[in-house]
Amino acid sequence: MSVREPDVSGNRASPPDAWRVASELYQAGDLFGCHEILEHIWRATEGSLREFYRGLIQVVVGLYHAQRGNRVGARAVLARGLARIEQYPEDCLGMDWGPFRRSARCYLEWLESGMEGAEPARPVWPRERYLDPTVQ
């Protein structure tokens, strides 16, 4: 079964149902579970969004490594993931990924600094605006 590939140029694209599960897991702090669901989506996706999902998985795994105290692994995987998702428009999948990407970049910079200062907040998962095109 293949996941329907949304139009990455518009604001009304609907990601797969499993997407909502991944979002809920992420927001609950279950980064490992989120990664698992995103991996299923990635494996079932063909086309241009495959690399976006791959990058998002890597960002989540990088944050998971940081959560577990593996700074070296966190930094490497997070950097690879950010490089991938930053190649896509900020409104990919009909959601605003800009704040997520910027806060993930801040998190990466904190890791690269040797974790000096207070730990930044985990990037906030974007709201699902695609459900109602009138929602701004």
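Modeller: A crossing is left-handed if the near helix is turned anticlockwise from the far one by less than a right angle, and right-handed if clockwise. This is a predicted model, in which local features need pLDDT of at least 70 and side-chain atom pairs count only at pLDDT 80 or more, while totals for chains, interfaces and linings use all residues. Residues are numbered from 1 along each chain as its sequence is written, and side-chain values use heavy atoms, with hydrogens and water left out.

Colleague: How many helices and strands are there, and what makes a stretch one or the other?

Modeller: Both are DSSP runs numbered from the N terminus: helices (H or I) need at least four residues and strands (E) at least two. By that rule the chain has five helices and zero strands, and its elements run α-α-α-α-α from the N terminus on.

Colleague: Why are H1 and H2 called roughly antiparallel?

Modeller: H1 (residues 17-27) and H2 (residues 31-44) pack at an angle of about 160°, with their axes 8 Å apart. The axes are lines fitted to C-alpha atoms, for helices over the stretch in contact, and the angles run from 0 to 180 degrees between N-to-C directions. Under 35 degrees counts as roughly parallel, over 145 as roughly antiparallel, 65 to 115 as roughly perpendicular and the rest as oblique. H1 and H2 are therefore roughly antiparallel. H1 passes H2 in a left-handed crossing.

Colleague: Which residues of H1 and H2 meet, and how do they divide by class?

Modeller: Contact means heavy atoms within 4.5 Å. Ala18, Trp19, Val21, Ala22, Leu25 and Tyr26 of H1 meet Leu31, Gly33, Cys34, Ile37, Leu38 and Ile41 of H2. Eleven of the residues in this contact are nonpolar, one is polar and none is charged. Ala, Val, Leu, Ile, Met, Phe, Trp, Tyr, Cys and Pro count as nonpolar, Asp, Glu, Lys and Arg as charged, and the others, Gly among them, as polar.

Colleague: What makes H3 oblique to H5?

Modeller: The axes of H3 and H5 come within 12 Å and cross at roughly 40°. That value makes H3 oblique to H5. The crossing is left-handed. Leu56, Val59, Leu63 and Ala66 of H3 make the contact with Phe100, Ala104, Tyr107 and Leu111 of H5. This contact has eight nonpolar residues, no polar and no charged ones.

Colleague: And what is the label for H4 with H5?

Modeller: H4 and H5 pack at about 150°, their axes 10 Å apart. H4 is therefore roughly antiparallel to H5, and H4 passes H5 in a left-handed crossing. Among the residues in contact are Arg71 and Arg75 of H4 and Arg101, Arg105 and Glu112 of H5. By class, the contact of H4 with H5 has ten nonpolar, no polar and five charged residues.

Colleague: How do you know whether Leu93 is buried or exposed?

Modeller: Buried means under 20% relative accessible area, exposed over 50%, and partly exposed in between (1.4 Å probe, protein chains only). Leu93 has a relative accessible area of 0%, so Leu93 is buried. Leu93 lies in the loop between H4 and H5 and has a positive phi of about 65°, although it is not a glycine.

Colleague: Why is Met115 called partly exposed?

Modeller: Met115 has 33% relative accessibility, so it counts as partly exposed. Met115 is in the segment after H5, and its phi is positive, about 65°, although it is not a glycine.

Colleague: What about Trp110: buried or exposed?

Modeller: Trp110 lies in H5, and at 10% relative accessibility it counts as buried. Leaving aside neighbours within four places in sequence, Trp110 is in contact with Met115, Glu116, Gly117, Ala118, Glu119 and Pro120. Over the whole chain, 43% of the 136 residues count as buried.

Colleague: What makes a set of residues a nonpolar core?

Modeller: The members are buried Ala, Val, Leu, Ile, Met, Phe, Trp, Tyr and Cys residues joined through side-chain atoms within 4.5 Å. The largest such core here has 35 residues, and Trp19, Leu38, Phe52, Leu56, Leu93, Trp97 and Trp125 have the most contacts inside it. H1, H2, H3 (49-67), H4 (71-85) and H5 (98-112) each give two or more residues to this core. H3 gives the largest share, ten residues. In soluble globular proteins, nonpolar side chains tend to be buried together.
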